[in-house]
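Colleague: I am new to this structure. Please take me through a close look at one part, and then go on from there to the rings and the backbone.

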Amino acid sequence: MGSTGEGYAPKIGDSIPLDDDHAISVQLPTWEVTVGWASRNQKVLQHMTNGYPRFFIHHSIVKLAERLVRKYRPGRKGAEGILFPTRNIAEECWKYLVRKAGKNDGSLNVEVLSFMMDRECLRHEKTVDLNCAELHMVIYGADLFSLAKAFWQHTGDGISSRYSFFCTDHFEDLQLVDEKQVEGGKLGNGFENKVTKKDAAESGIGVGYGDKEGTKTTIRERIAGMISTNENPVVEKDVYLYPSGMSAMANIGKCIQAVTGGSRFLYVDTVKVLSVIDDNEVKIYGHCSSTELDSLSLNLSQGTRISALFCEFPGNPLLRTPDLQRIRNLADQYNFIVICDDTIGTFINVDVQKYSDVVVTSLSKLFSGGCNVMGGSLVLNPLSQHYTELKERLSILFIDTLFPPDAAVLELNSRDFATRVPKTNINASLICSLLSSHPSVAHVYYPEHSTSRHLYDRCRKPNGGYGYLLSILFHKDKDAVTFFDNLHVAKGPSLGTNFTLACPYTLFAHWRELEWAGEYGVVEHLVRISVGMEESSVCEGFIIKALEAVEKSQ
């Protein structure tokens, strides 16, 4: 649950869900506290025992890295470590640190250590069925922490809290692998299973953690069934699972670089991983408007060539919908790849695949709904003209790094996904109507009432709704603060939870670039609400009480 029940007074830093070791959100119950979090005020940060995993490295992961540094590099004063599931990812982090620090002469003293647990030590493991396990640590000086953290955040490829618990339980079984073994190819394939590399390449599923229990196959089949249409059926082998949605996005970016040579411009909405980490040249069309598409069309007609266009359907946080049909037409004419993130729209509400070459989804959100596990998916459109080249490249690049216990939680949480989505649709539409009619509210951003609704409807399934996410703009900034402070729901980062979760979105996402975000309509005092599955009367009640507080404050 979202820790909002009767008698519960949320405290700064409480995990959401409460007392869950693997919670992926954290209570920031007031506007002032959120400002303190965003501005890195130590009076707020000292209460943080948890957070969204890409922004907050879980305490168990930090402790495990500290313990490994003390054991294997006791003489390095001030050294820190960050942990990854494969050697390849760790080496990418190493290269990123060297490149961004501007030194390539060895003076940075950044190194990668690799560890293994062999079959013998895992033979009696009862909670995780693995043949072999790996762990990789990048060690660096404390002055490089911010760069290491940026890599962790923007790639989404760090180890999960469940994996850190597992490695901590098996700490004495972690064996340091020497460089000769690394060079000899003993590492680099994630977690071994009974699938050979040849089998993996033929099936499209890379060697990695493995799927001995069939849990991941079940998830892939579930996703394939939900995204399929009569005109375009998808099979589970065209669904790829990742440890986070951002990891899926980062990996399709690498795939596109390999396919196209990375020599052309990349037009994206998901900016950081593609520009900061992978050094692509990026242009943002952030207003999601026909005018911007006119500009793109003109540029293309005058010789500009792009590798790919990334978009969200609908966009976060203003819930505008891109013209996917027009984008598809441009893509066919000028031969670029269309990647669409349907996390907010969901497989249940919309069919974006008919206009996309690749569909990427954060499974951490409503697919799970439990706010207690991370995951992501990438689905190839079998009818895409780019299908064969993308499939071939993924068969080489893909390594399964989704930890089996995380997959088990995802599978369990998502069993009723198809029945949960309609309930959140209904509640979000109700809340939107309530807010829109109040005089303090300037605008409610929601696909059902957007000027781009016709574009959303073009992809909306026959029984689909308009989703669970909305954002509110008040006439007065102070009313946004009063409303938020008196909204008695869970408050923290993330979205797509079974319970209602609110946040001052712009403070979370754009604190250091408020003016820039404002140019795209993402203003500082925007309140975003991810609507949950509570009874409709409960949803109505907490909105009315918050609006009454606004009225009393006038």
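Modeller: Asp479 touches Ser440, Phe474, Val550, Ser553 and Gln554, leaving aside residues up to four places away in sequence. Keep in mind that this is a predicted model. Asp479 sits in helix 20, which covers residues 477-485. Is Asp479 buried or exposed? Its relative accessible area is 3%, so Asp479 is buried. Now look across to Glu551. Asp479 and Glu551 are 72 residues apart in sequence. In space, their C-alpha atoms are 8.8 Å apart.

Next, the aromatic rings. A pair of aromatic rings is described by two things: the distance of the centres and the angle of the planes. How many aromatic pairs does a search of the whole structure find? The search gives 19. One of them joins Trp37 and Phe508. Their ring centres are 5.1 Å apart, and the planes stand at 85 degrees. Planes over 60 degrees apart count as edge-to-face, so this pair of Trp37 and Phe508 is edge-to-face. Where do the two residues lie? Trp37 is in helix 1, residues 31-38. Phe508 is in helix 21, residues 505-510.

A second pair is formed by Phe313 and Tyr456. The centres are 5.5 Å apart and the planes are at 20 degrees, so Phe313 and Tyr456 are stacked. The cut-off for stacked is under 30 degrees. This pair, too, links distant parts of the chain. Phe313 lies in the loop between strand 10 (306-312) and helix 14 (324-334). Tyr456 lies in helix 19, residues 453-459.

A cis peptide bond joins Phe313 to Pro314, with omega at about -15 degrees. Pro314 is placed in the loop between strand 10 and helix 14. Another cis peptide bond joins Ile16 and Pro17, and there omega is about 0 degrees. Pro17 is in the loop between strand 1 (15-16) and strand 2 (25-26). Why point these bonds out? Most peptide bonds are trans, and most residues other than glycine have a negative phi.

Phi is the next stop. Cys371 has a positive phi, near 60 degrees, and is a residue other than glycine. Find Cys371 in the loop between strand 12 (358-362) and strand 13 (376-380). Cys371 is buried, with a relative accessible area of 1%. Ser494 also has a positive phi, near 90 degrees. Ser494 belongs to the loop between strand 16 (490-491) and strand 17 (501-503). Is Ser494 buried or exposed? Ser494 counts as buried, because its relative accessibility is 10% and the cut-off for buried is under 20%.

Ring pairs link Phe84, Tyr96, Phe151 and Trp152 into a cluster. Two arginines lie over ring faces as well. Arg54 is over the face of Phe55, at 5.1 Å from the ring centre. Arg67 is over the face of Phe171, at 3.7 Å from the ring centre.

How values were computed
Residues are numbered from 1 along each chain as its sequence is written. This is a predicted model: local features need pLDDT of at least 70, side-chain atom pairs count only at pLDDT 80 or more; totals for chains, interfaces and linings use all residues. Side-chain values use heavy atoms; hydrogens and water are left out. Rings of Phe, Tyr and Trp (its six-membered ring) pair if their centres lie within 6.5 Å; planes under 30 degrees apart count as stacked, over 60 as edge-to-face and the rest as tilted. Helices (H or I, at least four residues) and strands (E, at least two) are DSSP runs, numbered from the N terminus. A charge sits over a ring if NZ of Lys or CZ of Arg is within 6 Å of the ring centre and within 35 degrees of the ring normal. Buried means under 20% relative accessible area, exposed over 50%, partly exposed in between (1.4 Å probe, protein chains only). Contact means heavy atoms within 4.5 Å.
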